[in-house]
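I wrote down what I looked up, entry by entry.

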Amino acid sequence: MLQLPKTCYIGLALSALATPAAASEMFASDSPWMLGDWGGTRSELLEKGYDFTLGYTGEMGSNLHGGYDHDRTARYSDQFTFGSHLDLDKILGWQDAEFQLTITERHGDNISNDRINDPRVGGFTSAQEVWGRGETWRLTQMWIKQKYFDGALDVKFGRFGEGEDFNSFPCDFQNLAFCGSQVGNWVGGIWYNWPVSQWALRVRYNLSDELYTQVGVFEQNPSNLESGNGFKLSGSGTQGAVMPIELVWTPRIQGLKGEYRAGYYYSNAKAQDVLKDSNGQPAAVSGAAYRSSSSKHGMWLGAQQQVTSLASDQSRGLSLFANATVHDKKTNAIDNYVQAGLVYKGPFDARAKDDIGFAVARVHVNPAYRKNARLANQAAGLYDYDNPGFLPVQDTEYSAELYYGIHLADWLTVRPNLQYIRHPGGVSQVDGALVGGLKIQSSF
């Protein structure tokens, strides 16, 4: 039987306490903080430039049907976020400057690891996106940002992940295929999404009120992924740099917000070929080491656009989105990914802050990567999928998610969801999986 953390029960119980009391009081439904305004202290600190946050995200996943292991169970994973944002203009008189410090802690288990995916090869998406990168504490953000020329030039330096600024996307869905920067999900060995950080520099220039371009340089250091290096600041282990560039357009079409992104990334670190050895022969057959490439690259496209609104409340209405990534076929297991979906905010007058989301995604495996798996099995004389030593051949994985976001209070949203994963991990022998999920997002 699933044992949920006490925090989960506390969060659900507190939702029942949310009342239309004054926003400054604890558990008030219109307060951004569960613990209230501390007698006005929080508002005073905000006015002086100090913003302190404590957030919680919890996700439950249960294999309702199908998957690699049909034995039904449920898993829970979560994350605490401790953050502070300082307006250095108000605090130190440093015009157009700000500082961010964030520490995160993750723990729990993921239903995808051994119930949905074949553990011999693992999966691509995850039914619980908050799980990953180790059960540990991490320095997730430590950066300073300065604007110049009346805000036209924006420079950010410190420790942070690529997905904060490049290929950015919201994370309201629970399945990883619809959450956050997707480039980091498919080239996670070089592009590190939240909660991992590395030394980085990002320079943005605003070409107009609706158009900007940005370029970044991010330390590529695999040791930052290790659980014991959550607070590592030295550059030991650095293999190179990831350099993304992006153009972002943020128009208002008939008064409705949109965001369109097009970008490219390049890594100058050595990358291993997925198929061939140094002589151009399949390494799985020759037994020689896989050859290395001098670089790795890819690109992405993203679009979000609100298409309808209510005259009484423009924040309510239908928004559409789509994302796509393309990756280096020589060195990457995934060669392309596409995703599309919709979100409707304020579906009912009585539930004006609730939202409904639906999305579908396709993750496609590089043909050279598939060929390598087939050759590895042939070289080992393995042809039976049920043999423990057989290496499952991965092809295409499809995911879908439907959620309903219940806005219980401004500090608490609960999103029950249903997910369907066809060919989990791209393995056609694994039954399609139906997953029941629950995502809790709260701010203390």
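**Ground rules.** The model is predicted, so I took local features only at pLDDT of at least 70 and side-chain atom pairs only at pLDDT 80 or more, while totals for chains, interfaces and linings use all residues. Residues are numbered from 1 along each chain as its sequence is written, and side-chain values use heavy atoms, with hydrogens and water left out.

**Entry 1, H327.** I looked up H327 and found it in strand β14 (residues 317-327). Strands here are DSSP runs of E of at least two residues, helices are runs of H or I of at least four, and both are numbered from the N terminus. H327 has a relative accessible area of 5% and is therefore buried. Buried means under 20% relative accessible area, exposed means over 50%, and partly exposed lies in between (1.4 Å probe, protein chains only). The side chains of H327 and T325 make a polar contact of 2.8 Å. For a polar contact I require a pair of N or O atoms within 3.5 Å; within protein, one must be able to donate a hydrogen and the other to accept it, and residues adjacent in sequence count only if both atoms are side-chain atoms. Setting aside residues up to four places away in sequence, I listed the contacts of H327, among them W186, Y265, H297 and D335. Contact means heavy atoms within 4.5 Å.

Q339 belongs to strand β15 (residues 334-345). What does the side chain of Q339 reach at 3.2 Å? It is the backbone oxygen of A177. The Q339 side chain also has a polar contact of 2.8 Å with the side chain of N323. Q339 is buried, because its relative accessibility is 4%.

I placed F160 in strand β5 (residues 153-160). Its relative accessibility is 0%, so F160 counts as buried. Beyond four places in sequence, F160 touches residues including W143, D165, R202 and F218. I also checked F160 against C179: they are 19 residues apart in sequence and 18 Å apart in space, C-alpha to C-alpha.

I checked the length of α7 (residues 367-380): its 14 residues should span 20 Å at 1.5 Å a residue, and its end C-alpha atoms are 20 Å apart, which agrees. The expected span is 1.5 Å times one less than the number of residues. Which residues of α7 are buried? They are R370, N372, A373, L375 and N377. Their cover includes β11 (271-277), α6 (283-286), β12 (290-293) and β16 (355-365). At the start of α7, a side-chain oxygen of N366 comes to within 3.1 Å of the backbone nitrogen of A368. Just after α7, G381 has a positive phi of about 70°.

I searched the whole structure and got 22 salt bridges, each a side-chain nitrogen of Lys or Arg within 4 Å of a carboxyl oxygen of Asp or Glu. One of them joins D69 and R115, with the closest N and O atoms 3.2 Å apart. This pair links distant parts of the chain, 46 residues apart, with R115 in helix α4 (residues 111-116). R115 is buried at 13%, whereas D69 is partly exposed at 25%. E164 pairs with K156 at 2.9 Å. K156 is buried at 3%, and E164 is partly exposed at 27%. Both belong to a network of salt bridges that links D154, K156, E164, D165, R202 and R204.
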